[in-house]
Amino acid sequence: QVHLVESGGGLVQPGDRLSCAASGSIFSINNMGWYRQAPGEQRELVASITNSGSTNYADSVKGRFTISRDNAKNTVYLQMNSLKPEDTAVYYCKANILRMVSGSPLQFAYWGQGTQVAVSS
């Protein structure tokens, strides 16, 4: 089994960082990303990163948030700067993880449990 555990939420300040560590039966990890869902809204992509380090950001966070990963630790990070009240949401990490199934690598999508991020106005 595979688990994603997020940390770093709460009442955040500029410069705070979210972390998400994957553990379990992992062959390799492809894309990792952060999503968020505000009350009454749909879940949306915040940022994603490939295993080679290519990144993609939602327009709403470009220039303010930075996604990175440590492949040796199976961990993805989200550095948050210039925070706005509208960044308040539950943040979820997602990872596309390859697992060996009957001798072949198969990709599965896993989600973290979510961490509440609150930004004061």
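**Sheet, disulfide and ring contacts in a predicted model**

Colleague: To begin with the sheet in this predicted model: how many strands form the open sheet, and in which order?
Modeller: The open sheet is formed by 4 strands, ordered β1-β3-β8-β7, and their pairing is antiparallel.

Colleague: Which strands stand at the edges?
Modeller: Those are β1 (2-7) and β7 (65-70). Each has a single partner strand, so one side of each is left without a neighbour in the sheet.

Colleague: And what does the twist average?
Modeller: From one strand to the next, the twist averages 15 degrees.

Colleague: How many bridges join β1 to β3?
Modeller: There are 6 bridges between β1 and β3 (residues 17-24), and the two strands run antiparallel. Within that pairing, V2 has G24 in β3 as its bridge partner.

Colleague: Staying with β3, is S19 buried or exposed?
Modeller: S19, which is found in strand β3, counts as buried, because its relative accessibility is 16% and the cut-off for buried is under 20%.

Colleague: Which residues does S19 touch?
Modeller: Leaving aside residues up to four places away in sequence, S19 touches V5, E6, S7, W34, V76 and Y77.

Colleague: Changing topic, how many disulfides does a search of the whole structure find?
Modeller: The search finds 1 disulfide. The disulfide joins C20 to C93, with an S to S distance of 1.9 Å.

Colleague: Where do C20 and C93 lie?
Modeller: C20 lies in strand β3 and C93 in strand β9 (residues 89-101), so the pair ties together parts that are 73 residues apart in sequence. A disulfide is a covalent bond between the sulfur atoms of two cysteines.

Colleague: Are the two cysteines, C20 and C93, buried or exposed?
Modeller: C20 is buried, with a relative accessible area of 0%. C93 also counts as buried, at 0% relative accessibility.

Colleague: Now the rings. How many aromatic pairs are found in the whole structure?
Modeller: The search finds 2 aromatic pairs.

Colleague: What are the accessibilities of F108 and Y110?
Modeller: F108 has a relative accessible area of 31% and is partly exposed, whereas Y110 counts as buried at 13% relative accessibility.

Colleague: Which charged end sits over the ring of F108?
Modeller: That of R99, 5.4 Å from the ring's centre.

Colleague: And what lies over the face of W111?
Modeller: R43 does, at 4.7 Å from the ring centre.

Notes: Residues numbered from 1 in each chain as written. Predicted model: local features only at pLDDT ≥ 70, side-chain atom pairs only at ≥ 80, totals over all residues. Heavy atoms only, no water. Pairing = 2+ DSSP bridges. Axes fitted to C-alpha atoms, helices over the stretch in contact; angles between N-to-C directions. Buried < 20%, exposed > 50% of the residue type's maximum accessible area, 1.4 Å probe, protein only. Contact = heavy atoms within 4.5 Å. Disulfide = S-S within 2.5 Å. Phe/Tyr/Trp six-rings, centres within 6.5 Å; stacked < 30°, edge-to-face > 60°. Lys NZ or Arg CZ within 6 Å of the ring centre and 35° of its normal.
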